[in-house]
Amino acid sequence: MAAALRATSSAISRAVTSRTPPLIAGARWSSSSTWWGHVDPAPKDPILGVTEAFLADPSPNKVNVGVGAYRDDDGKPVVLNCVREAEARIAGNLNMEYLPMGGSNHMVEETLKLAYGEDSEFIKDKRIAAVQALSGTGACRLFADFQKRYQPESEIYIPVPTWANHHNIWRDANVSQKTYHYYHPKSKGLDFSGMMDDIKNAPKGSFFLLHACAHNPTGVDPTEEEWKEISQLIKDKGHFPFFDMAYQGFASGDPEKDAKAIRIFLQDGHLLGISQSFAKNMGLYGQRVGCLSVLCEDEKQAVAVKTRLQQIARPMYSNPPVHGALLVSIILSDPDLKNMWLKEVKVMADRIIGMRTALRENIEKLGSPLSWEHITKQIGMFCYSGLAPEQVDRLTSEFHIYLTRNGRISMAGVTTKNVEYLANAIHEVSKS
């Protein structure tokens with residue numbers, strides 16, 4: 001009996017020991033904090049932190065041009081009429097069962113037509129592996145994990161600058177990152193020669209992250225002729241292009257025009273990947289609805305790639321949300337609703353283009369000796385103002401104007417009511 005008790009005691013001791021959390025290097029063990037006492041607060045997100053600071057400011061004159069979400073001319077969030085109509089059709093009529101791991105097939109089919117073309121041969125030949133994703137962020141992350149798993153030695157080349165989360169996404173997927181020249185600070189335009197040199201000098205078979213339109217944060221896009229040269233060089237070098245298309249339709253007001261870069265690459269015979277999002281162009285920010293697609297050599301390869309993308313998604317989030325997918329499916333498959341959407345997305349794009357003109361004109365009429373033509377030459381939601389971090393700090397501290405310290409202005413936050421105030425403030429901080 002004593003031997004049995006000793007054996008039982010030893011087994012319990014081993015079980016307790018096996019459950020004791022291991023000490024992490026640098027962690028401090030204490031009775032009051034045995035598990036998470038070594039965890040420090042994460043640094044604030046440079047973009048989301050701007051909104052937090054804006055909300056905490058009691059000034060009646062405060063202006064937020066940091067948020068990457070569309071606002072109307074009263075500075076209010078917008079729900080598109082096509083979305084309201086789609087919502088009405090869903091309400092009480094459709095179930096909310098789980099979607100498959102790959103999401104809504106209907107939504108994916110309609111989404112692919114926007115990127116690859118209504119009559120795309122690649123869609124007809126079933127050469128595209130595509131899954132619904134958690135907006136553009138989720139699509140990029142799925143692809144980054146796929147890249148790491150099936151091209152483990154590859155690198156991703158990311159433009160300088162880029163959307164800050166791109167670096168986080170590929171870092172957390174453990175993909176090695178390099179950068180390529182993109183923005184030219186002096187001209188406030190594209191560093192085309194620097195970009196081409198970097199593409200040329202990258203090891204064969206590298207992955208290149210490209211913004212399909214309305215580059216974030218600069219608003220600087222290559223011209224059609226420049227895209228043709230970029231496409232040809234990437235093909236000659238055997239690189240893989242991955243497009244992040246977060247602003248289709250939102251840039252120019254024409255989804256077909258905004259897909260031009262992708263169509264050029266398709267015409268040149270590339271295999272490629274695309275991240276699509278409906279956050280900006282349908283205003284479905286909180287619905288987290290998007291699509292990841294990978295163009296493959298044939299249908300058999302596309303089937304295999306899709307199953308692997310679904311396999312990656314399964315332990316990550318199991319399956320994507322249904323509501324946003326229903327909205328997109330209904331809008332894009334109904335001719336009347338789609339036409340309504342096309343008109344509404346053009347209204348949003350045109351308002352932003354108009355605010356670019358108004359901001360430039362208001363600064364110039366103050367007698368600024370600097371050139372501000374880049375405000376209207378750039379496109380999309382963001383204007384890369386060229387303001388230095390110290391000047392941005394002055395905008396915030398003296399004028400209660402909030403934006404990221406790299407000088408990125410969200411044109412969606414500029415309205416007819418605040419554009420003159422914003423122009424005056426920019427003139428004040430930039431004239432000395």
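Colleague: Which lysine side chain does the side chain of glutamate 224 meet in a salt bridge?

Modeller: Lysine 260, with 4.0 Å from N to O. Keep in mind that this is a predicted model.

Colleague: What makes that pair a salt bridge?

Modeller: The cut-off is a Lys or Arg side-chain nitrogen within 4 Å of a carboxyl oxygen of Asp or Glu. The glutamate 224 and lysine 260 pair has 4.0 Å from N to O, and is counted as a salt bridge. Glutamate 224 lies in helix 9 (residues 224-236) and lysine 260 in helix 11 (residues 260-267), so the pair ties together parts that are 36 residues apart in sequence.

Colleague: Why are glutamate 224 and lysine 260 called partly exposed?

Modeller: Buried is under 20% relative accessible area and exposed is over 50%, with partly exposed in between. Glutamate 224 has 39% and lysine 260 has 33%, so both land in the middle class.

Colleague: What about glutamate 428, which residue does its side chain meet in a salt bridge?

Modeller: Lysine 431, at 3.1 Å from N to O. Glutamate 428 is partly exposed at 32%, and lysine 431 is partly exposed too, at 48%. As for networks, salt bridges with shared partners join Glu224, Glu225, Lys228 and Lys260 into one.

Colleague: How many salt bridges does the structure hold?

Modeller: There are 19. One of them pairs lysine 417 with aspartate 74, at 2.9 Å from N to O.

Colleague: What makes you say that the lysine 417 and aspartate 74 pair ties parts together?

Modeller: Look at where the two sit: lysine 417 is in the loop between strand 13 (408-410) and helix 17 (419-430), and aspartate 74 is in the loop between strand 1 (63-64) and helix 3 (81-90), so the parts they tie are 343 residues apart in sequence. Lysine 417 has 64% relative accessible area and is exposed, while aspartate 74, at 48%, is partly exposed.

Colleague: How do you know that cysteine 213 is too far from the closest cysteine sulfur for a bond?

Modeller: A disulfide needs the two sulfur atoms within 2.5 Å. The closest cysteine sulfur to that of cysteine 213 is in cysteine 140, 13 Å away, so a bond is ruled out. Searching the whole structure turns up zero disulfides.

Colleague: Are cysteine 213 and cysteine 383 buried or exposed?

Modeller: Buried is under 20%. Cysteine 213 has 4% relative accessibility and cysteine 383 has 0%, so both qualify.

Colleague: Why is strand 10 called largely enclosed?

Modeller: Six of its six residues (290-295) are buried, so the rest of the structure largely encloses strand 10. Gly290, Leu292 and Val294 point one way, and Cys291, Ser293 and Leu295 point the other way.

Colleague: Which strands pair with strand 10 in the antiparallel sense?

Modeller: Strand 2 (residues 128-133) does, over six bridges, with isoleucine 128 partnering leucine 295. Strand 9 (residues 273-277) pairs with strand 10 over five bridges, and there serine 275 partners leucine 292.

Technical notes. Residues numbered from 1 in each chain as written. Predicted model: local features only at pLDDT ≥ 70, side-chain atom pairs only at ≥ 80, totals over all residues. Heavy atoms only, no water. Buried < 20%, exposed > 50% of the residue type's maximum accessible area, 1.4 Å probe, protein only. Helix = DSSP H or I, 4+ residues; strand = E, 2+ residues; numbered from the N terminus. Pairing = 2+ DSSP bridges.
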